[in-house]
Amino acid sequence: MKKALLSLAVGLLAVGCSFAAPQFKGLNNKHGKTTIQIEIPASDRDASNGLSVDNVKLYNNGETLTAKNVNAICGENSTIIMEFKKLTTFKDCTLSFTVNGEPVSMDLQSFMMNH
């Protein structure tokens with residue numbers, strides 16, 4: 001049993017290490033919309049140097065919002081700009097999406113409190 005748990009833990013660690021964490025870069029409420037910007041390391045691109053960001057959802061104050069627009073700017077790293085309807089209150093704010101099929105969840109509330 002211990003060997004099975006150890007194998008599972010090592011497998012999960014290997015999967016987690018193969019995918020670098022996206023970084024929160026900013027949030028603004030200009031131009032009648034809420035815009036969130038994140039950066040995804042170039043190492044997370046697929047074998048053909050591509051990047052797919054899908055299923056973008058913002059959970060805020062008990063409401064689930066789907067992104068109105070998602071743009072990617074690929075350079076050394078990739079900057080992803082996500083647009084949502086304008087929010088006036090941010091409470092229990094979490095962003096979720098997939099990057100090349102891998103699910104990602106970011107607690108934006110903690111970023112906003114620390115920045």
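Me: Which residues does serine 78 touch, if I skip the ones up to four places away in sequence?
Reply: In this predicted model, serine 78 touches Ile38, Glu39, Ile40, Arg45, Leu51 and Ile73, once residues up to four places away in sequence are set aside.

Me: And is serine 78 buried or exposed?
Reply: Serine 78 counts as buried because its relative accessible area is 0%, where the cut-off for buried is under 20%.

Me: Which strand is serine 78 in?
Reply: Serine 78 belongs to strand S6, which covers residues 78-85.

Me: What does S5 do with S6, then?
Reply: Strand S5, residues 69-74, pairs with S6 in the antiparallel sense over 6 bridges, and the two are joined by a hairpin of 3 residues. Within this pairing, valine 70 of the chain stands opposite methionine 82, a residue of S6.

Me: Stepping back, how many helices and strands are there in the chain?
Reply: The chain has 2 helices and 8 strands, and from the N terminus on the order of elements is α-β-β-β-β-β-β-β-β-α.

Me: What about the nonpolar core, how many residues are in the largest one?
Reply: The largest nonpolar core holds 20 residues, and those with the most contacts inside it are Ile38, Leu58, Met82, Phe84, Leu95 and Phe97. At least two residues of this core come from each of strand S2 (33-40), strand S3 (53-60), S6, strand S7 (94-99) and strand S8 (102-107). As a general point, nonpolar side chains in soluble globular proteins tend to be buried together.

Me: Pick leucine 95 for me; what is it in contact with beyond four places in sequence?
Reply: Leaving out neighbours within four places, leucine 95 is in contact with residues including Ile36, Ile38, Val56, Leu58, Met82, Phe84, Val104 and Met106.

Me: Is cysteine 74 buried or exposed? And cysteine 93, buried or exposed?
Reply: Cysteine 74 counts as exposed because its relative accessibility is 52%, and the cut-off for exposed is over 50%. Cysteine 93, by contrast, has a relative accessibility of 0% and so counts as buried.

Me: Last one, what share of the residues in the chain is buried?
Reply: Buried residues make up 30% of the 115 residues in the chain, while the accessible surface comes to about 7,300 Å², with 54% of that belonging to carbon and sulfur atoms.

Terms used:
Residues numbered from 1 in each chain as written. Predicted model: local features only at pLDDT ≥ 70, side-chain atom pairs only at ≥ 80, totals over all residues. Heavy atoms only, no water. Helix = DSSP H or I, 4+ residues; strand = E, 2+ residues; numbered from the N terminus. Buried < 20%, exposed > 50% of the residue type's maximum accessible area, 1.4 Å probe, protein only. Areas by Shrake-Rupley, 256 points an atom, 1.4 Å probe, with all protein chains shown as cover. Contact = heavy atoms within 4.5 Å. Core = buried A, V, L, I, M, F, W, Y, C linked by side-chain atoms within 4.5 Å. Pairing = 2+ DSSP bridges.
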